[in-house]
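Colleague: I have a model open and would like to learn how to read it. Could we go through it feature by feature?

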Amino acid sequence: MHAVLERQLAALAAGDIEAVMENYAPDAALVRFDGVFAGTERIRATLSAYLTLKPQLVELLHHAEHMDTVFYRAVMNVGGQQKDSMGMLVLRDGKIWRQAAVFLDV
């Protein structure tokens, strides 16, 4: 597993918003079907709300890496429910610059 994805999953599981945000570039953007969250303050607000659901990795089903891109599919426990998720991280200087994420069963 790519080190950035591993750090991100560990920070989310710990519920540590500061550790989560350490993984993002200052000009990062998070793209989801419910909106685009550009900049670390908008990402912080969105992920702070997500952390209240106590996300935990159940199983990393697939992941692929190429240069600055990490693509993954995982089963997550979110708010006590298992959810199938997919996402992509585009990295710059070892930090998340662009992220897309979706729950497939929604």
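Modeller: We will go from the overall fold to one pair of rings and then to one residue. Keep in mind that this is a predicted model.

Colleague: Start with the fold. How many helices and strands are there in the chain?

Modeller: The chain has 3 helices and 6 strands. Their order along the sequence is α-α-β-β-α-β-β-β-β. The radius of gyration is 13 Å, close to the 13 Å that the globule rule gives for 106 residues, so the chain is as compact as a globular protein of that length. Along the principal axes, the C-alpha atoms fill a box of roughly 35 × 30 × 25 Å.

Colleague: What share of the residues of the chain counts as buried?

Modeller: Buried means under 20% relative accessible area. By that cut-off, 37% of the 106 residues are buried. The chain exposes about 6000 Å², and carbon and sulfur atoms supply 58% of that area.

Colleague: And the contacts: what part of them comes from residues 24 or more positions apart?

Modeller: Taking the contacts with a separation of 6 or more, such residues account for 36%.

Colleague: Now charge. How many positive and negative side chains does the chain have?

Modeller: There are 10 positive and 13 negative side chains. The centres of the two sets lie 5 Å apart.

Colleague: How should I read a pair of aromatic rings, and how many does a search of the whole structure find?

Modeller: In general, a pair of aromatic rings is described by the distance of the centres and the angle of the planes. Here the search finds 1 aromatic pair. Its rings belong to Y50 and F103, with centres 6.4 Å apart and planes at 40 degrees, so the pair is tilted.

Colleague: Where in the chain do Y50 and F103 sit?

Modeller: Y50 is in helix α3 (residues 40–51), while F103 is in strand β6 (residues 95–103). The two are 53 residues apart, and the pair links distant parts of the chain.

Colleague: Is Y50 buried or exposed?

Modeller: Y50 has a relative accessible area of 14%, so Y50 is buried. For F103 the value is 25%, so F103 is partly exposed.

Key
Residues numbered from 1 in each chain as written. Predicted model: local features only at pLDDT ≥ 70, side-chain atom pairs only at ≥ 80, totals over all residues. Heavy atoms only, no water. Helix = DSSP H or I, 4+ residues; strand = E, 2+ residues; numbered from the N terminus. Rg over C-alpha atoms; globule rule 2.2 N^0.38 Å. Buried < 20%, exposed > 50% of the residue type's maximum accessible area, 1.4 Å probe, protein only. Contact = heavy atoms within 4.5 Å. Areas by Shrake-Rupley, 256 points an atom, 1.4 Å probe, with all protein chains shown as cover. Lys, Arg positive; Asp, Glu negative; His and termini not counted. Charge placed at Lys NZ, Arg CZ, Asp CG, Glu CD. Phe/Tyr/Trp six-rings, centres within 6.5 Å; stacked < 30°, edge-to-face > 60°.
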